[in-house]
Amino acid sequence: MNQLNSFTNKGQLNKKKLLAILGLGFLGLMPLMFSQQQYYLDIFFQTFLFAALASSWNIIGGFGGQHSFGHAIFFGIGAYTTAILFMTFQIIPWISMWIGMIISLFVAFIIALPTFRLKGAFFSIATLIINQLVLVLVLYFKDFTSGSQGILLPYEPTFSNMIFENRLAPVYLAFVYLLLALLVSFCIIKNKLGYQLQAVRENQDASRILGVNPFWVKMKGFLFSVALTSLGGSIYAMYLRFVDPTLIFSVAEIGAMLVLITMIGGMGTISGPIVGAALMMPIDILLRGSLGGVRPGLNIVVFSCLLIIFALFFKDGIVGTITNKLEKRKAFKPVKISNRNSIDWKRGAE
């Protein structure tokens with residue numbers, strides 16, 4: 001019986017892996033159908049980018065239960081490091097993006113030392129305040145960051161500059177970045193760190209009794225999340241070729257958006273951030289294009305109403321809600337008894 005259950009579980013796991021590969025393959029092929037339409041390619045780029053960013057946030061927010069609103073800090077550090085080194089020292093983005101990641105990891109470590117002593121909403125509020133403080137500092141030190149004017153990067157299309165003439169190239173760069181974020185997330189959740197993060201998320205005191213150090217477990221997860229987020233900032237800076245501090249360090253556009261995407265898709269799941277980004281980003285961009293010029297803020301009102309509807313009907317996120325319903329359905333299966341005309345429903349576990 002145990003061997004049969006093990007074989008069944010392996011079969012279901014292989015089926016899920018196959019479906020995941022097919023789904024990613026379908027996503028990867030979709031931009032080819034719009035290769036001559038820049039507007040839709042931009043939607044694909046932002047969808048892939050924010051799916052990867054949300055997957056990065058999900059490592060600490062979904063797996064670890066630490067709901068940070070300050071990930072725009074590390075997104076901005078990656079973008080600014082790449083832009084400044086490119087403009088000042090002509091260092092190509094493929095190198096400067098790793099320098100930005102190192103700086104982000106150092107800043108993240110400093111921020112985490114005091115904030116990880118906080119729990120729940122207090123941690124979220126602390127990250128929100130620090131995000132706004134960093135934005136003020138960036139605007140103040142304008143000799144170094146160009147202040148509110150931002151940094152405009154020249155159009156010099158070469159592979160080394162991460163600026164492409166081919167419209168599909170940046171889209172597939174974002175797609176590769178998404179695959180990297182998913183691979184890191186999968187490796188973490190299937191290893192010791194993933195189990196420890198989930199244990200800390202459920203009950204820090206109980207995990208401490210079991211020999212887990214909650215502070216350092218959260219720190220490890222946070223650093224993985226920050227490193228991936230910083231890479232996304234570098235890619236975004238070279239794609240947009242303009243680093244605007246009010247956008248790059250925006251809580252609404254970056255920090256809160258990552259939280260919303262993950263929550264709508266399914267927090268703590270691998271596929272949740274992808275589903276959330278594939279749903280929210282096209283809707284957000286299309287609403288801005290169609291309603292943004294009709295009435296100021298109308299697109300935000302409609303988008304907010306849609307978020308409320310999803311929150312009401314998918315309380316555990318889209319992936320989480322569907323998974324829970326499927327598990328409940330599998331928990332009850334028909335078992336034949338002596339009377340052929342009747343069926344007794346029993347729990348699958350029995």
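Helices here are DSSP runs of at least four residues, numbered from the N terminus. With that in mind, helix H3 is followed by Gln-90, whose phi is positive, near 55°. Keep in mind that this is a predicted model.

Let's stay with H3 for a moment. Residues 72-89 make up this helix, 18 residues in total, and the distance from its first C-alpha to its last is 25 Å, close to the 26 Å expected at 1.5 Å a residue. Is H3 enclosed or open? Of its 18 residues, 15 are buried, so the rest of the structure largely encloses this helix.

Now for the surface, where two patches turn up. One is positive, formed by Lys-15, Lys-16, Lys-17, Lys-190 and Lys-330. Helix H1, residues 2-29, supplies the largest share of that patch, with three residues. Lys-190 sits in the loop between helix H7 (168-189) and helix H8 (192-202).

Which helix gives the most to the nonpolar patch? That would be H4, residues 93-115, with four residues. Leu-113 is found in this helix.

| Residue | Relative accessibility | Class |
|---|---|---|
| Lys-190 | 45% | partly exposed |
| Leu-113 | 32% | partly exposed |

Why does Leu-113 count as partly exposed? Its relative accessible area is 32%, and the partly exposed class lies between buried, under 20%, and exposed, over 50%. Lys-190, at 45%, counts as partly exposed too.

Terms used:
Residues are numbered from 1 along each chain as its sequence is written. This is a predicted model: local features need pLDDT of at least 70, side-chain atom pairs count only at pLDDT 80 or more; totals for chains, interfaces and linings use all residues. Side-chain values use heavy atoms; hydrogens and water are left out. Patches are made of residues with over 30% relative accessible area and no salt bridge: like charges are joined within 9 Å, nonpolar side chains (Val, Leu, Ile, Met, Phe, Trp, Tyr) within 5 Å. Accessible areas come from the Shrake-Rupley method with a 1.4 Å probe; for residues, only the protein chains shown count as cover. A salt bridge is a side-chain nitrogen of Lys or Arg within 4 Å of a carboxyl oxygen of Asp or Glu. Lys and Arg count as positive and Asp and Glu as negative; His and the chain ends are not counted. The place of a charge is taken as NZ of Lys, CZ of Arg, CG of Asp or CD of Glu. Buried means under 20% relative accessible area, exposed over 50%, partly exposed in between (1.4 Å probe, protein chains only). The expected span of a helix is 1.5 Å times one less than its number of residues.
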